[in-house]
Amino acid sequence: MKTSNAAPSAFSLTRYAGNLRIARSSLIRSAHLLERIGLAAVGASCGLYVGAALLRQKGGLFESGWIVLLTVLYGALSYYVGIDLSRSIARRSISSTSEEYDGSEMVEIMSAAGTFGAAIAAALSVSILVLDQNLPNGLVAFVAGCWVVGSSLQVAAGAMARNCEVPDNKD
């Protein structure tokens, strides 16, 4: 078999593993699920840092170890649901003109703002832990607020994106 013939056959619509035929769409879905699980792991680790920074502050509201578990679980949920929006929403916002407003831009803005807020909270939490800082309760509340608002925006954006119906524009 020539090398020039091997490349096109490697990119065919189906792959063969012995007698098992695997459709390309199932491979893409599996890769997408793996990507989303990875995003959830990133969200959980960000939540771990935020929870540890909140737990570290003595004399504050967050003296229970449950805060770490809650921030880890909420971080995993928010990153799994909110960061990787469906392709139809992204395509619809790119293809729409400035005169048409279908709401998909708001979903992307909410997801981006949520990701930014949660990432800022995680970065501040890491700096609090690494630099061994004792911050006033107001700044710790700011970090917690950034985390809660950012993660909530991600969850809301993901829920809105999955509930939107994609109209077919085949005029």
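## Residues 106-131 and the other annotated spans

Helices here are DSSP runs of H or I with at least four residues, strands are runs of E with at least two, and both are numbered from the N terminus. Residues 137-161 are 100% helix and 0% strand, with end C-alpha atoms 36 Å apart.

Both spans carry the feature "transmembrane region" in an unreviewed UniProt entry, which also places that feature at residues 33-54 and 66-85. UniProt positions are given in the numbering used here, feature names are shortened, and the annotations may be inferred rather than shown by experiment.

## Basis of the values

Residues are numbered from 1 along each chain as its sequence is written, and side-chain values use heavy atoms, with hydrogens and water left out. As the model is predicted, local features need pLDDT of at least 70 and side-chain atom pairs count only at pLDDT 80 or more, while totals for chains, interfaces and linings use all residues.

## The chain as a whole

The protein chain holds six helices and two strands. Read from the N terminus, the order of elements is α-β-β-α-α-α-α-α.

Of the 171 residues in the chain, 30% are buried. Buried means under 20% relative accessible area, exposed means over 50%, and partly exposed lies in between, with a 1.4 Å probe and protein chains only. The accessible surface of the chain is about 10,900 Å², and 66% of that surface belongs to carbon and sulfur atoms. These areas come from the Shrake-Rupley method with a 1.4 Å probe; for residues, only the protein chains shown count as cover. Among contacts (heavy atoms within 4.5 Å) between residues at least 6 apart in sequence, 73% join residues at least 24 apart.

## The nonpolar core

A nonpolar core is a set of buried Ala, Val, Leu, Ile, Met, Phe, Trp, Tyr and Cys residues joined through side-chain atoms within 4.5 Å. The largest one has 20 residues, and the members that touch the most others are Cys46, Val50, Leu54, Ala121 and Trp147. Helices H2, H3 (66-82), H5 and H6 each supply at least two residues of this core. H2 gives the most, with six residues.

Cysteine 46 is buried, at 14% relative accessibility. Cysteine 146 is also buried, at 17%. A search of the whole structure for disulfides (pairs of cysteine sulfur atoms within 2.5 Å) finds zero.

## Buried and partly exposed positions in the helices

Glycine 75 is in helix H3 and is buried, with 0% relative accessibility. Leaving aside residues up to four places away in sequence, glycine 75 touches Gly43, Ala44 and Trp147. From glycine 75 to valine 148 the C-alpha distance is 9.1 Å, although 73 residues separate the two in sequence.

Serine 151, in helix H6, is likewise buried at 0% relative accessibility. With residues up to four places away in sequence not counted, serine 151 touches Tyr74, Ser78, Gly114 and Ala118. Serine 45 lies in helix H2 and is partly exposed, with a relative accessible area of 31%. The C-alpha atoms of serine 45 and leucine 73 are separated by 9.7 Å, and the two residues are 28 apart along the chain.

## The salt bridge and aspartate 132

A salt bridge is counted when a side-chain nitrogen of Lys or Arg is within 4 Å of a carboxyl oxygen of Asp or Glu. The count comes to one. Arginine 56 pairs with aspartate 132, and their closest N and O atoms are 2.3 Å apart. The pair links distant parts of the chain: arginine 56 belongs to helix H2 (residues 24-56), aspartate 132 to the loop between helix H5 (104-130) and helix H6 (137-163), and the two are 76 residues apart. In general, side chains of opposite charge can pair when their charged atoms come close.

Arginine 56 is partly exposed, at 22% relative accessible area, whereas aspartate 132 is exposed, at 55%. Aspartate 132 also has a positive phi, near 55 degrees, in a residue other than glycine.
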